[in-house]
Amino acid sequence: MSDTSGHDDIDPADGRPESEEQRADRNWSEILQELRVTQTGTQLISGFLLAIAFQQRFGSLAPPQVAFYLVLVVLAAGCTALGLAPVALHRQLFRHHEKVRTVAIANRLLRVTIALVAVLTSGVVAFIFDVTLGLVPALVAGAALLVLLALLLLAFPARVLSRLRRPPA
């Protein structure tokens, strides 16, 4: 697909002479790499959560702790499902010349997955602190980690992007 200027490159100023399809292929590869990172983290957390239910101490958890644990298990399963959704989408749209659309949708799904993995990670930390130290340390640790993750995963990239978009002085 060519742009109206007659060049195949979507953005000739970016130093990458590639067509829209080539850019979509490269972006899809990058999304797959990022999905591998989030899936690995989610699988480790899921495995940890699933193992907890089979520990002797699990029976001594208070009902609110069991409820919180179950919320974390469902959240972990949801993160796994969201991480698989772009792959399933790609499978369905494979050979239908919809790579650009697939990349756009997968990008949105990956952003949601990253946010939910941050919530899941903070929740697991809060759960561990709750079981080992009590509710107040759990709330402090979970909230502190959630704030740190929000800064690293949302604020930091947004700040970098805004600096890149500023015109040179």
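Modeller: This is a predicted model, and its mean pLDDT is 88, with 92% of the residues at 70 or more.

Colleague: Where does pLDDT stay under 50?

Modeller: That is over residues 1-7, for which the model has seven contacts beyond four places in sequence.

Colleague: Why is Ser46 called buried?

Modeller: Buried means under 20% relative accessible area. Ser46 has 15%, so Ser46 counts as buried. Ser46 lies in helix α1, and leaving aside neighbours within four places in sequence, Ser46 is in contact with Ala76 and Thr80.

Colleague: Why is Leu152 called partly exposed?

Modeller: The relative accessible area of Leu152 is 47%. Leu152 is found in helix α4, and Leu152 is one of the residues of a nonpolar surface patch, along with Ile114, Leu148, Leu153 and Leu154. Together they have about 440 Å² of accessible area. Helix α4, residues 135-165, gives the most to the patch, with four residues.

Colleague: What makes Asp25 and Lys99 a salt bridge?

Modeller: The rule asks for a side-chain nitrogen of Lys or Arg within 4 Å of a carboxyl oxygen of Asp or Glu. For Asp25 and Lys99 the N to O distance is 2.8 Å, so the pair meets the rule. Asp25 lies in helix α1 and Lys99 in helix α3, so the pair ties together parts that are 74 residues apart in sequence.

Colleague: How many salt bridges does this rule give?

Modeller: The count comes to five. One of them joins Glu30 and Arg26, at 3.2 Å from N to O; both residues lie in helix α1, four residues apart, about one turn of the helix. Arg101 also forms a salt bridge with Glu98, with the closest N and O atoms 3.5 Å apart. Salt bridges that share partners join Glu18, Arg23, Arg26 and Glu30 into one network.

Colleague: Why is Arg101 called exposed?

Modeller: Exposed means over 50% relative accessible area. Arg101 has 53%, so Arg101 is exposed. Glu98 has 27%, so Glu98 is partly exposed.

Colleague: Which residues touch the most other members of the largest nonpolar core?

Modeller: Of its 14 residues, they are Leu49, Ile52, Tyr69, Leu72, Leu120, Val124 and Phe127. The elements giving two or more residues to this core are α1, α2 and α3, and α2 gives the most, with five residues.

Methods: Residues are numbered from 1 along each chain as its sequence is written. This is a predicted model: local features need pLDDT of at least 70, side-chain atom pairs count only at pLDDT 80 or more; totals for chains, interfaces and linings use all residues. Side-chain values use heavy atoms; hydrogens and water are left out. Patches are made of residues with over 30% relative accessible area and no salt bridge: like charges are joined within 9 Å, nonpolar side chains (Val, Leu, Ile, Met, Phe, Trp, Tyr) within 5 Å. Accessible areas come from the Shrake-Rupley method with a 1.4 Å probe; for residues, only the protein chains shown count as cover. Buried means under 20% relative accessible area, exposed over 50%, partly exposed in between (1.4 Å probe, protein chains only). pLDDT is the predictor's confidence in each residue, from 0 to 100. Contact means heavy atoms within 4.5 Å. A nonpolar core is a set of buried Ala, Val, Leu, Ile, Met, Phe, Trp, Tyr and Cys residues joined through side-chain atoms within 4.5 Å.
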